[in-house]
Amino acid sequence: MKITRVEIFDIHCPKRPVWTPVFVRIHTDEGITGVGEAGLAYDLGHSAAAHMIKEFAEEMLIGWDPFQTELLWSRMLRESFWGLGGGPVIYSAMSAIDTALWDIKGKALNLPVYLLLGGKHNDKLRTYASQLQFDWDKEVTKLFNPDDYGTATEKAIAEGYDAVKVDPIVYDKDGNTHFDRTKLFTRDEMNLFRARLQAMRDAGGENMDIIFECHSLPGATTAVQLGELVEEFNCLYYEEPVNYLNSKLHKKVSDRVNAPIAGGERLYNRWGVRPYLEEQSVDVLQPDIGLCGGFTETKKVCDYADIYDVRIQAHVCGGPVATAAALHLETAIPNFLIHEHHTYATKEWNRELCIEDLQPENGFFTVSDKPGLGIELNDDVVMKSTRLEVK
Ligand code: MG
């Protein structure tokens, strides 16, 4: 089998201007196609990833056997020159391509990808409702009033979830967004965050799990300060309390806060996660299959984490192809913890991008048994966006 054509979709959703998933569809001479997604669906970098995929396709994909995933991954890493330096643009492109190649392998062998990764270790995947500061409803609404955090929690609970995630610090009392939370918090600010969490706890009860998300906004000192709330509300874990530019920051927070620390959505491949595993400063690793290196690399990263007893929650904040990829990996690995269902994954402008609509039932997901990933792009929608093509 040979790769004959590569399409790259740099999606623009008119109803949600900052939502920009990047998909790749790889064609073969046997008529089998595979889809993949680069993990840059939000904020900046998506068109760079789309063009990076195009360059890889031109240099390394056309005429290549799609089953040779290890060799191709190594070539992209080493022969691109920049792959040995790092960064989300090159790794998201490698990830999208690798994911699509595994989709092709599964379809050619008539097997779902999870079976190629080792089989069904986990039958039902416990799932949490993610990012409740944006509400949990048909529209994305930024919440800043504590009572609204309670109402959003009630909506998630009504759908059957028993775990939710929230970033209680990104908005101030007036709804202004803060990208820098490295300054010490005032007692008023701490009380505002506490009131939001208390409203959620009151709505969801003592048995509901709360994941405390920080989006790497705090500095080490404010992360320790917020740890007081993480402990007070018995949060399931404390996500991205600090940035990844200095791994010692995670070590400081994990030493000072008595709660499991989560992170990894901005780490790439085995080399990227190494200091966090060796310093044992992360308890829950959150690799994004669309950034970490596709199935080829993310499976290795999960196994590497397992020797440190680190549990896995794949980071999922993308289009439906990202969800499909996460479900296959999480079904197969022994150290799976919980699946992330982002509020964006419930929105019409995201769901319409693929034919299959992947939604959990009563707080649990099950993986598709169709060959490959079991998901196809909805051409009626994706063809309206920018499309690059290599033959
Ligand atoms: Mg996160």
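On a 1 Å grid over the protein atoms alone, a pocket is an open set of points with protein on both sides within 12 Å along at least five of seven lines; a cavity is a set where a 1.4 Å probe fits but cannot get out; lining residues have an atom within 4 Å of a point. Points join across faces, edges and corners, and a volume is the space filled by probe spheres set on them. This is a predicted model: local features need pLDDT of at least 70, side-chain atom pairs count only at pLDDT 80 or more, and totals for chains, interfaces and linings use all residues. Residues are numbered from 1 along each chain as its sequence is written, and side-chain values use heavy atoms, leaving out hydrogens and water.

Start with the largest pocket. It holds about 1,000 Å³ of space. Its lining has 36 residues, with Tyr42, Asp43, Phe134, Phe179 and His215 nearest the centre. Domain 1 (3-110 + 377-390) and domain 2 (116-365) both give residues to this lining, so the largest pocket lies between them. The domain bounds come from an automatic or database domain assignment.

The second largest pocket holds about 320 Å³. Of its 17 lining residues, Asp137, Lys138, Thr346, Lys347 and Arg351 are closest to its centre.

Now look inside. There are 2 cavities of 30 Å³ or more. The largest cavity holds about 130 Å³. Among its 18 lining residues, Glu37, Asp288, Ile289, Gly290 and Ala322 lie nearest the centre. Both domain 1 and domain 2 supply lining residues, so the largest cavity lies between them. The second largest cavity has a volume of about 70 Å³. Its lining includes Pro320, His341 and Arg351.
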